[in-house]
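Me: I've got a protein model open and I'm a bit lost. Can we go through it together?

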Amino acid sequence: MPIKHMGRRLFGLFFILLLIGSATVWAFRNVGRLLVVEDPLQRARAIVILSGVPPYRAMEAAKIYKQGWSPEVWLFTDDSRGTDEAFAGLGIHHISEEEYDQQVLERLGVPKAAIRILKPSTTNTASEFQQIGRELQNLAGAKVILVTSPVHTRRSRLIWRLVVGDRPQAILRYDDSEPTDPQHWWRTTKDVEAVEHEVLGLIDARLGFAVKPGPD
């Protein structure tokens, strides 16, 4: 092969590798940001706090409630029977996530009468959305505002569409007070774990929930 042609091929290969490398670096740096989505607020039947670490989601839900976007805030009951039993065996009362969230809501001005705790307990986002769907069956055209953490919003939107569909409508909002940095997610172990969890969760949802359901 002439040296001239070989040089062109090597240059072409180098250029392709450069493009692949640049795309990989771009994807790595931006994956955290791409996981974050949000919808404009609209009046809704309820503000629903997806299960997560208190108090941030409850703080955001209280703010939305006080702005008048919805008359109710819904909480989920986590399936924490094993944990409850372990604490009970030690003679210690285990404060559940919904208890913490309710205290936060009331402290921030949400009346107790406006707080509803949904039952039975749930284990993950898909089971939470199934429960919301059942609650809204008789409310034609109903909408709900879903409050979760920033990097969980895109997966929440996908799971809602897969589990519930386009109706009822879900309005995604995130708690902007949570100490997380999707723009620079690789800087802390907590953010790395969160992004990894969400990316794997998105893949699993696209595969039809191939992985056995568990807490998420």
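Me: Is Val 37 buried or exposed, and at what relative accessible area?
Reply: Buried means under 20% relative accessible area, exposed over 50%, partly exposed in between (1.4 Å probe, protein chains only). Val 37 counts as buried because its value is 8%. By the way, this is a predicted model: local features need pLDDT of at least 70, side-chain atom pairs count only at pLDDT 80 or more, and totals for chains, interfaces and linings use all residues. Residues are numbered from 1 along each chain as its sequence is written, and side-chain values use heavy atoms, with hydrogens and water left out. So, the relative accessible area of Val 37: 8%.

Me: Which residues does Val 37 touch, not counting residues up to four places away in sequence?
Reply: Val 37 sits in the loop between α1 (3-34) and β1 (46-49); helices (H or I, at least four residues) and strands (E, at least two) are DSSP runs, numbered from the N terminus. Contact means heavy atoms within 4.5 Å. That gives Thr 153, Arg 154, Arg 157 and Tyr 174.

Me: Which strands stand at the edges of the sheet?
Reply: The open sheet has 5 strands in the order β3-β2-β1-β4-β5, with parallel pairing. Two strands pair if DSSP finds at least two bridges between them. The edge strands each have a single partner strand, so one side of each lacks a neighbour in the sheet: β3 (115-122) and β5 (169-174).

Me: Which residue in β5 stands opposite Thr 148?
Reply: β4 (residues 143-148) pairs with β5 in the parallel sense over 6 bridges. Opposite Thr 148 you'll find Tyr 174.
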